[in-house]
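Notebook open. I want to look up the ligand site, then the aromatic rings.

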Amino acid sequence: MRRSLHLSWDQFHADTRTLAQRLAERGGFSAIAAVARGGLFPAGVIARELGIRVIETICVVSYHEDTTRGEIAVLKSLSEDILARPPQEVLIVDDLVDTGNTARVVKAQLPGAYFATIYAKPLGLPLVDAYVREIPQDTWIYFPWDTGLSFQEPIGARNSR
Ligand SMILES: O=P(O)(O)OC[C@H]1O[C@H](OP(=O)(O)OP(=O)(O)O)[C@H](O)[C@@H]1O
């Protein structure tokens with residue numbers, strides 16, 4: 001990855017609310033399936049905004065080294081409750097679609113469900129029904145739950161090294 005993008009909680013919350021607004025306009029969702037773990041964070045906000053109280057998880061791990069993404073494994077599948085619903089009523093939420101590998105695996109579990117992410121990179125874009133911000137493929141996103149406040153060296157000091 002050549003570039004990085006650091007997101008604050010405020011920015012993430014605002015972007016998630018923007019997605020929630022679009023999802024509210026579409027309407028018709030009776031349940032949310034959050035793709036854990038990253039999807040847990042926007043799922044809570046979206047559930048609050050849309051008044052949805054049925055929230056499930058699909059737990060996925062992608063084995064990657066540093067910034068290279070690899071094989072996907074499903075650690076916990078969707079519940080019978082979710083699978084029994086009309087798929088168009090189920091909103092699958094993740095924070096990011098990157099290569100699209102996770103989205104492909106999740107969508108295979110519930111074809112016809114509506115798949116929404118906050119951020120989307122070009123390789124994964126064709127797999128999502130809704131997203132808020134497109135991020136270049138070569139940019140690594142640092143989400144607020146993975147980072148914290150720390151001292152920043154002045155730009156001038158960095159440039160003089
Ligand atoms: O489109 P892909 O290339 O599959 O990447 C997208 C996935 O990567 C991230 O999860 P991550 O693997 O970092 O796991 P985590 O959310 O549990 O930390 C993100 O939450 C998506 O689920």
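How far is an oxygen atom of the ligand from an N or O atom in the side chain of Asp94? I read 2.6 Å. I count a polar contact as a pair of N or O atoms within 3.5 Å.

Ground rules first. I am working on a predicted model, where local features need pLDDT of at least 70, side-chain atom pairs count only at pLDDT 80 or more, and totals for chains, interfaces and linings use all residues. Residues are numbered from 1 along each chain as its sequence is written, and side-chain values use heavy atoms, with hydrogens and water left out.

**Entry: ligand contacts**

I looked up Asp95 next. An N or O atom of its side chain lies 2.6 Å from a ligand oxygen. For Arg37, I find a polar side-chain atom 2.9 Å from an oxygen atom of the ligand. I then checked the cover. The ligand alone exposes 500 Å², and the protein buries 85% of that. These areas come from the Shrake-Rupley method with a 1.4 Å probe.

**Entry: the shell**

I list 14 residues around the ligand, taking a residue as near if one of its heavy atoms lies within 4 Å. The closest are Asp94, Asp95, Asp98, Thr99 and Thr102. By class, I get 7 polar, 5 charged and 2 nonpolar residues. Here Asp, Glu, Lys and Arg count as charged; Ala, Val, Leu, Ile, Met, Phe, Trp, Tyr, Cys and Pro as nonpolar; the others, Gly among them, as polar.

Which elements supply at least two residues each? I find β5 (90-97) and α4 (101-109). The largest share, 4 residues, comes from β5. Helices (H or I, at least four residues) and strands (E, at least two) are DSSP runs, numbered from the N terminus.

**Entry: aromatic pairs**

I searched the whole structure and got 9 aromatic pairs. Rings of Phe, Tyr and Trp (its six-membered ring) pair if their centres lie within 6.5 Å; planes under 30 degrees apart are stacked, over 60 edge-to-face, the rest tilted.

Tyr119 and Phe143 have ring centres 6.0 Å apart and planes at 50°, so I log the pair as tilted. Tyr119 sits in strand β6 (residues 114-120), and Phe143 in the loop between β8 (139-142) and α5 (155-159), 24 residues apart. Both Tyr119 and Phe143 are buried.

Is Trp145 buried or partly exposed? Its relative accessibility is 22%, so I note Trp145 as partly exposed. Phe143 is at 5%. My cut-offs: buried is under 20% relative accessible area, exposed over 50%, partly exposed in between (1.4 Å probe, protein chains only).

Methods:
Polar contact = N/O pair within 3.5 Å; in protein donor to acceptor, adjacent residues only side chain to side chain.
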